[in-house]
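Trainee: I am new to this model. Please take me through one part of it slowly.

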Amino acid sequence: MRILTNARTLIDLYKDYRSMDDEDRADFYKSKCDYYQNYVGISLVAGVLASITYIVSDYLLNGSFLPTLIPRFSVLFALAVFFVITHFFKKREIVVFMDFLLAHCIVLATIWAIYHLDDRIHASEGFIIMNVMFMTVGFVARPRETLLSSVVFILEILISNTFNHYSNLDIILALQLPLMVAVFVSHALLMLFYLDHYRTRQELELAMITDPLTQVYNRHLLEKIITKNALKDIAGPVAIAMLDIDHFKQVNDEHGHYTGDLTLLYIGQKLAKGTHEDDYVIRYGGEEFVIILKNCDVNNACARMEQFRRDIESATDTPVPFTISVGVSRYTGDFSKSIQNVDHALYKAKNTGRNKVVVV
């Protein structure tokens, strides 16, 4: 049955969610926020404009625009603040806070307008409509943030009752409490179903930056880890190495391209196992590999690459015997210049006998 299949899917997704560490979970919610924020932002603007049009119903109830004119239009100030803050600050927590704040400003403007109405019997309908805004903002929020917002909404109704004196407060609360639960459950389910999308996207992104032959990164990774010609998230010294398989054309010519592919796979896997978890091993092109060594000075990088060169030279499990040449340079903060330096070091290694490590 389809319902049982969906239930099993949700259970598996929940187990996946519970297994996430704090960093992965933060990235998940950032992805969810980025994915839905345009929709939420446009919906909030539409909600602000729609709330202003309620001045027409105010006129029908009061016979005048004037009492609720300022309350209804006050939400435009909140909208202006929303635009300014979300333009300059892109952190998820700030964006979500501003989304909820704007939604609550619509609520507060509505409560202010109700205060000036002679007939407040229709407040319950207005509050029900407000749940649509919280439902919308929940697309970018954590379920617990949505639940907290709903609790604040209930408090706003209770506090405003002290001066608005809703004649049907019991009906308002009887409607709002189930709606609060429904909104929370809805977004808990949405979170789990988005997790399925998130994992699929992760797999696609990994496939885009992974070399299918060697299973190390390809050059597309550089688009993700470099911005404005500088490596992202760097703390401490960084060294860059570039290695090349010596006489690789000869390997292909004498042993065939299949053996050449096995050789590339061998060295790619050997590099992946011989580097640290936060290092990057990139198949740069053909038989060339670039290794970005984090928290590693150039002397340490030279020693590690020299040991790797010796291991390759003496290895007995290679598809065919081969050697490598390696160039090493420190990362200067200018990625293009650093790559030029390490390429120059590799060129020097290849032109002074091969099977060596040269440092610039």
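Trainee: In which sense do strands β6 and β7 pair, and over how many bridges?

Mentor: They pair in the parallel sense, over 3 bridges. Two strands count as paired if DSSP finds at least two bridges between them. A note on the model before we go on. It is predicted, so local features need pLDDT of at least 70 and side-chain atom pairs count only at pLDDT 80 or more, while totals for chains, interfaces and linings use all residues. Residues are numbered from 1 along each chain as its sequence is written, and side-chain values use heavy atoms, with hydrogens and water left out.

Now find strand β6. It covers residues 324-330. Strands (E, at least two residues) and helices (H or I, at least four) are DSSP runs, numbered from the N terminus. Strand β6 is mostly covered, with 6 of its 7 residues buried. Buried means under 20% relative accessible area; exposed means over 50%, and partly exposed lies in between (1.4 Å probe, protein chains only).

Next, look at the partners of β6. One is strand β7, residues 357-359. There, Val 358 is the bridge partner of Gly 327. Another is strand β3, residues 238-245, which runs antiparallel to β6. Strands β3 and β6 are joined by 7 bridges. Find Ser 325 in β6: Asp 244 stands opposite.

Now step back to the protein chain. It has 14 helices and 7 strands. Of its 360 residues, 44% count as buried. Its C-alpha atoms fill a box of roughly 95 × 50 × 30 Å along the principal axes. The radius of gyration is 30 Å, whereas a compact globule of 360 residues would have one near 21 Å. That radius is taken over C-alpha atoms, and the globule rule is 2.2 Å times the number of residues to the power 0.38.

Contacts come last. A contact means heavy atoms within 4.5 Å. Take those between residues at least 6 apart in sequence: 72% join residues at least 24 apart.
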